[in-house]
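Here is a short briefing to read next to the model. Please keep the viewer open while you go through the points.

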Amino acid sequence: MKSGRDNKRINVVANILEANDRVAMENRRLLEKSHTRVIDIIGSPGAGKTRLLEATLPALAGKMRVGVIAADIETTLDAERIAVLDVPVVQTTTGAFGGACHLDASAVRQALEQLDPSEFDLIFIENVGNLVCPAEFDIGQTARVVVLSVAEGEDKPLKYPLAFRTADLVVISKTDLVPHLEFDMAALRDNLERIKPEWIELSARSGDGMPSWIEWVGRTARRAIC
Ligand code: MG
Ligand code: ZN
């Protein structure tokens with residue numbers, strides 16, 4: 001049996017998520033008005049999220065208007081890496097919101113005030129490095145991608161199922177490192193198959209697998225927002 005105190009805590013969590021969902025729906029309506037698609041990229045610190053963007057953005061140049069929202073607890077390091085590619089970027093630091101380890105819909109709403117969605121066909125959001133709670137917060141995205149590097153180990157889809165279950169696509173990154181690791185790709189594929197059938201294996205460094213990813217991004221950018 002649950003105590004009254006536990007129930008109260010559950011209600012507080014439910015209210016936070018409900019309030020977040022309302023703002024996420026407003027974000028979605030705002031983005032829909034300008035036909036802007038948003039791809040939310042989540043994954044652990046060091047999974048290769050920024051590196052993936054660095055390899056992706058030049059391939060999209062001239063094909064669509066792309067912007068980036070980069071989120072971290074502190075620093076503008078990621079935004080600086082994107083800005084040198086001549087792509088409009090806004091850095092959100094959650095340090096100002098108590099160092100939140102994820103983006104919520106309100107933080108994205110504030111970023112969208114700086115990066116006017118009507119100027120973009122596609123906005124990438126690089127979420128705060130974390131494989132846990134970014135999966136719990138709807139931010140108004142069109143699609144969510146979880147990036148998992150081979151260096152993190154084949155068991156992660158089993159340990160963090162929510163992130164993998166709720167993602168539209170899993171990107172297995174840094175495949176060029178496989179020969180240097182005690183890593184079982186077959187086991188990872190087995191683990192993924194149980195949770196999320198669609199994934200792409202790639203290396204932003206060598207370019208292997210990048211064409212499939214670019215194709216997926218293009219398809220998502222053309223997808224109707226519902
Ligand atoms: Mg990064
Ligand atoms: Zn968090």
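In this briefing Ala, Val, Leu, Ile, Met, Phe, Trp, Tyr, Cys and Pro count as nonpolar, Asp, Glu, Lys and Arg as charged, and the others, Gly among them, as polar. The model is predicted, so local features need pLDDT of at least 70 and side-chain atom pairs count only at pLDDT 80 or more, while totals for chains, interfaces and linings use all residues. Residues are numbered from 1 along each chain as its sequence is written, chains are lettered from A and ligands numbered from 1 in the order in which they are written, and side-chain values use heavy atoms, with hydrogens and water left out.

**Largest pocket**

- The largest pocket has a volume of about 310 Å³; of its 21 lining residues, G46, A47, G48, K49 and R51 are the closest to its centre.
- A pocket here is an open set of points on a 1 Å grid over the protein atoms alone, where a 1.4 Å probe fits, with protein on both sides within 12 Å along at least five of seven lines; lining residues have an atom within 4 Å of a point.
- Grid points are joined across faces, edges and corners, and the volume is the space filled by probe spheres set on the points.
- Sorted by class, the lining of the largest pocket holds 6 nonpolar, 6 polar and 9 charged residues.
- Helix α2 gives the most to this lining, with 4 residues, and α2 and α3 each supply at least two.
- Helices (H or I, at least four residues) and strands (E, at least two) are DSSP runs, numbered from the N terminus.

**Second largest pocket**

- The second largest pocket has a volume of about 150 Å³, and its lining includes L57, P58, L60 and A61.
- By class, the lining of the second largest pocket has 9 nonpolar, 1 polar and 2 charged residues.
- The largest share of this lining, 3 residues, comes from α2.

**Magnesium site**

- T50 (OG1), D78 (OD) and E126 (OE) coordinate the magnesium ion (ligand 1) at 2.1 Å.
- Along the chain, the donors of the magnesium ion follow the spacing T-x27-D-x47-E.
- D78 in helix α3 (residues 77–83) and E126 in strand β4 (residues 122–126) are 48 residues apart, a pair that links distant parts of the chain.
- Donors are N, O and S atoms within 2.8 Å of the metal (3.2 Å for Na, K and Ca); water is not among the atoms, so sites may look incomplete.
- T50 is found in helix α2 (residues 49–60) and touches D78, R81, I82 and E126, leaving aside residues up to four places away in sequence; contact means heavy atoms within 4.5 Å.
- Buried means under 20% relative accessible area, exposed over 50%, and partly exposed in between (1.4 Å probe, protein chains only).

**Zinc site and cysteines**

- The protein donors of the zinc ion (ligand 2) are C101 (SG), H102 (ND1) and C133 (SG), lying 2.0 to 2.2 Å from it.
- The donors of the zinc ion follow the spacing C-H-x30-C.
- C101 is partly exposed at 33%, whereas H102 is buried at 15% and C133 is buried at 13%.
- A search of the whole structure finds 0 disulfides, a disulfide being a pair of cysteine sulfur atoms within 2.5 Å.
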